[in-house]
Amino acid sequence: MWTVRVRKATLEKFEPEDLLPDSQPAYVSSWIYVFGVLTIAAFMMLIISGLVLTLEGPAWWHTSKYGHFFNSLHLWNVELFFLFMVVHLWGKFWMAAWRGKRTMTWVTGCVAFFASIFTGFTGYLIQTNFDSQWIATQAKDGFNAVGIGAYFNALNTGQALLIHVSLLPIALGVIVVAHVILVRKKGVVPPIESSLE
Amino acid sequence: MKKYDPTKKWTGPTRPYDLIKEATIAFVVVALLSISLAALLSSPDEKAVTLQSWSTSAPADFVQTAAGELAGSTTSAQYGPPYNTAADGQQLGPLKVQKIAGVRIPINSAQDFVIKPLGTLNDSTANAAIAQWNGATENQQSTWATSYADALTKASSAVAIADPTGKFGPVPTLVSSLYSMAKSGALDGALTTSDSPLPTNFTKPLLFLADSGSYFPGLADAQHLSGDQWGVMNETGSWPGQSWLWLYSFWYQIDPFKSSGNADILVMSLMGLLSLGFVLIPFFPILHRIPERIPIHRIIWRDWYRSERKND
């Protein structure tokens with residue numbers, strides 16, 4: 001029965017201590033390890049500032065100083081989010097963090113990175129100002145050239161808005177949760193010279 | 001140095017760890033940092049441009065573009081899929097992906113940007129010109145509009161050209177009526193609401209605006225947003241933009257991409273391949289060994305290696 005297989009693949013293989021451990025391998029003692037959790041913290045701040053921006057609609061921030069502040073908060077969170085994520089990603093590359101059957105941890109991290117780029121891009125499309133107008137008119141050529149533009153129309157602000165505030169955050173959230181579960185389940189990859197591989 | 005199996009649960013020395021404490025501190029730090037940046041540095045908001053602001057600020061560019069829409073010489077009129085069948089679009093070798101995707105957002109530049117909006121005016125002069133235009137053959141329309149568009153381009157700053165012999169047909173009336181309509185703001189409303197009275201789709205006004213020869217690209221250039229200014233990754237003013245798109249932007253700066261008529265499909269395909277390659281690094285025989293050959297990991301794990309050497 002598939003329900004039993006799901007239970008075996010999840011709860012029975014995932015001990016509570018894996019999720020919230022009280023100890024880490026001794027080699028986990030570098031500043032580079034902070035950037036993963038910093039990325040998630042920035043993602044949470046993005047969700048919070050984004051939810052505030054949804055309350056009064058996409059044009060609110062043009063006319064309200066509070067709206068403008070939350071737009072600024074959202075923008076700087078995006079910048080921090082990508083800064084932390086890129087440092088985290090390159091850190092994991094130089095650690096060869098895919099070793100020891102951690103391939104899917106690497107793959108989900110990379111997919112999260114590329115999904116974030118598209119999420120950020122749709123955010124730029126829905127600013128409803130000159131920047132978004134220019135980006136939309138330029139980006140359409142790239143999407144049209146590969147056939148995507150026939151389905152994702154960068155000039156259709158409503159489509160970009162709904163994708164940005166619903167579809168992509170949910171998709172990104174699922175990928176990030178899967179990534180974190182894999183990190184906790186597989187553990188932090190050991191140093192290269194200390195590994196049997 | 002003692003070796004451990006990376007596929008097994010860690011059995012070596014450990015250190016105390018509090019994940020909730022780390023996550024809480026990280027969240028507070030990021031919240032304070034981003035709130036401070038937002039309060040101190042704010043964010044840019046360059047007002048959106050309209051067909052009204054275009055026709056008012058750059059009248060000659062507006063009327064030349066309007067005549068070009070009728071002549072079928074603008075970017076949108078000659079674009080191809082997904083807007084029309086005027087061209088096949090870009091291709092990768094023999095692969096015409098743009099054409100295969102088809103015309104899913106049909107746009108007829110002359111009708112959608114000029115004729116139909118003018119039809120909403122209920123102006124007798126404009127209606128007579130529309131009737132003359134619609135009653136003419138395609139060849140006749142093209143002859144009128146092309147000769148008028150050429151005359152306007154030669155005149156440079158003129159918004160209208162006298163036509164005592166009638167060689168431009170109804171085109172001068174159509175263009176001047178559209179110009180008046182744009183200045184009043186009515187053209188913005190007509191194009192935005194042409195598909196729905198409560199619009200969320202700005203394809204038509206933005207495509208028309210993007211056909212602008214100098215006004216729209218000039219504004220972008222002043223904000224360092226043009227393609228040859230690495231504009232993809234820039235933001236208006238001095239704020240940081242999408243710097244993570246640097247590699248995407250980079251290809252447009254060099255040959256063969258920057259001089260290719262298929263630059264977009266070439267760059268998109270290359271970036272797709274590189275992204276896929278990055279995701280699949282663990283499966284590439286040479287690439288996945290790079291971190292072992294270039295020992296940056298010795299800096300990351302220097303404390304661990306030091307303690308292990310002491311134990312040896």
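A nonpolar core is understood here as a set of buried Ala, Val, Leu, Ile, Met, Phe, Trp, Tyr and Cys residues joined through C-beta atoms within 7 Å. In this predicted model, the largest such core holds 56 residues. The members that touch the most other members are B:Ala67, B:Val114, B:Tyr148, B:Val171, B:Leu174 and B:Leu178. For B:Leu174, the contacts beyond four places in sequence are with B:Leu70, B:Val114, B:Leu118, B:Ala129 and B:Trp133.

Chain A contains 8 helices and 1 strand, arranged along the sequence in the pattern α-α-β-α-α-α-α-α-α. The C-alpha atoms of chain A occupy a box of roughly 55 × 40 × 30 Å along the principal axes. Of the 197 residues in chain A, 45% are buried. When contacts in chain A between residues at least 6 apart in sequence are considered, 73% of them join residues at least 24 apart.

Chain B comprises 16 helices and 1 strand. The radius of gyration of chain B is 29 Å, whereas the globule rule gives 20 Å for 312 residues; the value is well over that figure, and chain B is therefore more spread out than a compact globule. Along the principal axes, the C-alpha trace of chain B spans about 100 × 50 × 35 Å. Buried residues account for 34% of the 312 residues in chain B. Among contacts in chain B with a separation of 6 or more, 56% are between residues 24 or more positions apart. Three domains are assigned in this chain: domain 1 is formed by residues 19-42 together with 281-311, domain 2 by residues 51-222, and domain 3 by residues 227-279. The centres of domain 1 and domain 3 of chain B, taken over C-alpha atoms, are separated by 27 Å.

The interface between the chains brings 79 residues of chain A into contact with 81 residues of chain B. On the side of chain A, two or more residues are contributed by each of strand S1 (23-25), helix H3 (34-55), helix H5 (65-94), helix H6 (103-125), helix H7 (130-145) and helix H8 (157-186). Helix H5 of chain A provides the largest share of this side, with 14 residues. By class, the side of chain A that touches chain B consists of 44 nonpolar, 27 polar and 8 charged residues.

Strand pairing also links the two chains. Strand S1 of chain A and strand S1 of chain B (residues 14-16) run antiparallel and are joined by 3 bridges. Within this pairing, A:Gln24 is placed opposite B:Arg15. B:Pro16 also belongs to strand S1 of chain B. Beyond residues up to four places away in sequence, B:Pro16 touches A:Asp22 and A:Ser23.

Several backbone features remain to be described. Most residues other than glycine have a negative phi, and most peptide bonds are trans. In chain B, the peptide bond from B:Pro81 to B:Pro82 is cis, with omega near 5°. B:Pro82 lies in the loop between helix H3 (59-71) and helix H4 (97-101) of chain B. A cis peptide bond is also present from B:Asp255 to B:Pro256, again with omega near 5°. The loop that holds B:Pro256 lies between helix H12 (246-251) and helix H13 (263-279) of chain B.

In chain A, positive phi values occur at A:Ala96, where phi is near 50°, and at A:Thr128, where phi is about 50°; neither residue is a glycine. A:Ala96 is located in the loop between H5 and H6 of chain A, and A:Thr128 in the loop between H6 and H7 of chain A. A:Ala96 has 24 C-beta neighbours inside 10 Å and therefore counts as buried, the threshold being 20 or more. A:Thr128 has 19 C-beta neighbours inside 10 Å and so counts as partly exposed.

Terms used: Residues are numbered from 1 along each chain as its sequence is written. Chains are lettered from A and ligands numbered from 1 in the order in which they are written. This is a predicted model: local features need pLDDT of at least 70, side-chain atom pairs count only at pLDDT 80 or more; totals for chains, interfaces and linings use all residues. A residue is buried if 20 or more other C-beta atoms lie within 10 Å of its own, exposed if 12 or fewer, and partly exposed in between; C-beta atoms are placed from the backbone. Two residues are in contact if their C-beta atoms, placed from the backbone, lie within 7 Å. Helices (H or I, at least four residues) and strands (E, at least two) are DSSP runs, numbered from the N terminus. Domain bounds come from an automatic or database domain assignment. Ala, Val, Leu, Ile, Met, Phe, Trp, Tyr, Cys and Pro count as nonpolar, Asp, Glu, Lys and Arg as charged, and the others, Gly among them, as polar. Two strands pair if DSSP finds at least two bridges between them. The radius of gyration is taken over C-alpha atoms; the globule rule is 2.2 Å times the number of residues to the power 0.38.
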